[in-house]
Amino acid sequence: MRLASAANEAYSASLTVSELLGCKQCGASRGQDEELGIRIPRPLGHGPSRYIPEKEILQVGSEDAQMHALFADSFAALGRLDNITLVMVFHPQYLESFLKTQHYLLQMDGPLPLHYRHYIGIMAAARHQCSYLVNLHVNDFLHVGGDPKWLNGLENAPQKLQNLGELNKVLAHRPWLITKEHIERLLKAEEHSWSLAELVHAVVLLTHYHSLASFTFGCGISPEIHCDGGHTFRPPSVSNYCICDITNGNHTVDEMQVSSAGNISVSDSVFEVEALMEKMRQLQECRDEEEASQEEMASRFEIEKRESMFVFSSDDDEGTPARDISRHFEDTSYGYKDFSRHGMHVPTFRVQDYCWEDHGYSLVNRLYPDVGQLIDEKFHIAYNLTYNTMAMHKDVDTSMLRRAIWNYIHCMFGIRYDDYDYGEINQLLDRSFKVYIKTVVCTPEKVTKRMYDSFWRQFKHSEKVHVNLLLIEARMQAELLYALRAITRYMT
């Protein structure tokens, strides 16, 4: 997979271009005040993320050898260095696994043709109105020879892909409703039928891009400069603009000034960290002293499941998807609804009866070889990733906190671990954090900077990005569990 030499050549070429045109910031001597008579695209965002200050994100050209190799991987695989990569690189171990998995899903041998893969990515991202991912994969779809007519709307795509729309819809918003009948309709559609291997490939792609949409919104990923919403135009002059800034997506110095007027009280946020660590200590002591009965554990799960239905954001509104996004899916009014609302009862999904490790992994690996291993590795890295730090504290065991976040997400999806005390969730996750988690996982298109700023206020941005990695992998696993269980039931 590693094609570092190709990326190095492209990287060197970009430097040569800036040197030729001349750049005040870089100290090049030619063309500083020259009117070139061309329209220079100007980035609208402040770097790769709208939520994370640009100065805190690694700049291309300042990375170490490991990160440069990761950038080279991403460039070689995708032909670009996108903003998702520039934010994920806070966690190089995870990024490496993510890039390997995505590369395999999109470009290596598999049941589905390449243009189908990118079109399914468009369908999945569109369900969450994620124009960032839709735009990227529209370009990729055309690059691999996809029919431009399909992009006019899902009704112009082959019937086989149209048939996938129902599964895409339910999987994105209410995966607990997926049944073996959904699977049967796809596998027995006469000349438009899916094979089991094709369907598993499609399911993995759908869950991958639903989750990646969550990451995109959760981290406030900005559009690339060449995409819609990523740029505007200055007057035809480069006299006060650094050509290198175009490449890096940066602004001039005066545009990068960040106001401190909205800074929160440092003492308040420090107190929050101390209080959270104290709760972790107390919970560990309680664990050591006594263990709750199975009946009590089950009761605490039901309480947490019910309470999760009443966690919602004040920004919650029913936005209408833009036409250029909504044309890629059907039933635009269908969205997330809590699984126990309106008197509806959905049986609890017990991990002891069907889990990723014992059931889902082997099914995926059997029908789509090697992908199960790649996904499993990515799950484990996200779940176990730790630097043993919490904000300003070092040598901290964060496993209790990471497990609470993961299990809270699965609880929202009706998935229960018999060996987990769900009473810990309310102790460790405050309301603002729960609002952020639920919004990112269930309705990511509604995430705001205010939500991002309001949780874990003293934590580093890298720690908040880590939270988002936990959220997207827990979400992906939850969707996969429901879809793969339905496939298993169909097969048996």
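Which residues gather in a patch of negative charge on the surface? Select Glu285, Asp288, Glu289 and Glu290, and you have that patch. Patch members have over 30% relative accessible area and no salt bridge, with like charges joined within 9 Å. A salt bridge would be a Lys or Arg side-chain nitrogen within 4 Å of an Asp or Glu carboxyl oxygen. Asp and Glu count as negative, and each charge is placed at CG of Asp or CD of Glu.

A quick word on what you're looking at: this is a predicted model, where local features need pLDDT of at least 70, side-chain atom pairs count only at pLDDT 80 or more, and totals for chains, interfaces and linings use all residues. Numbering runs from 1 along each chain as its sequence is written, and side-chain values use heavy atoms, leaving out hydrogens and water.

Stay on Asp288, which sits in helix H12 (residues 266-289); helices are DSSP runs of H or I, at least four residues, numbered from the N terminus. Asp288 has a relative accessible area of 59%, and exposed means over 50%, buried under 20% (1.4 Å probe, protein chains only).

Now jump to Thr216 in helix H10 (residues 196-218). Thr216 is buried, at 3% relative accessibility. Show its contacts (heavy atoms within 4.5 Å): beyond neighbours within four places in sequence, Thr216 touches Ile84, Cys130, Tyr132, Leu133 and Ile221.

Finally, zoom out. The chain has 21 helices and six strands, and 53% of its 492 residues count as buried.

Conventions: Helix = DSSP H or I, 4+ residues; strand = E, 2+ residues; numbered from the N terminus. Patch = residues over 30% accessible without salt bridge, like charges linked within 9 Å, V, L, I, M, F, W, Y side chains within 5 Å. Areas by Shrake-Rupley, 256 points an atom, 1.4 Å probe, with all protein chains shown as cover.
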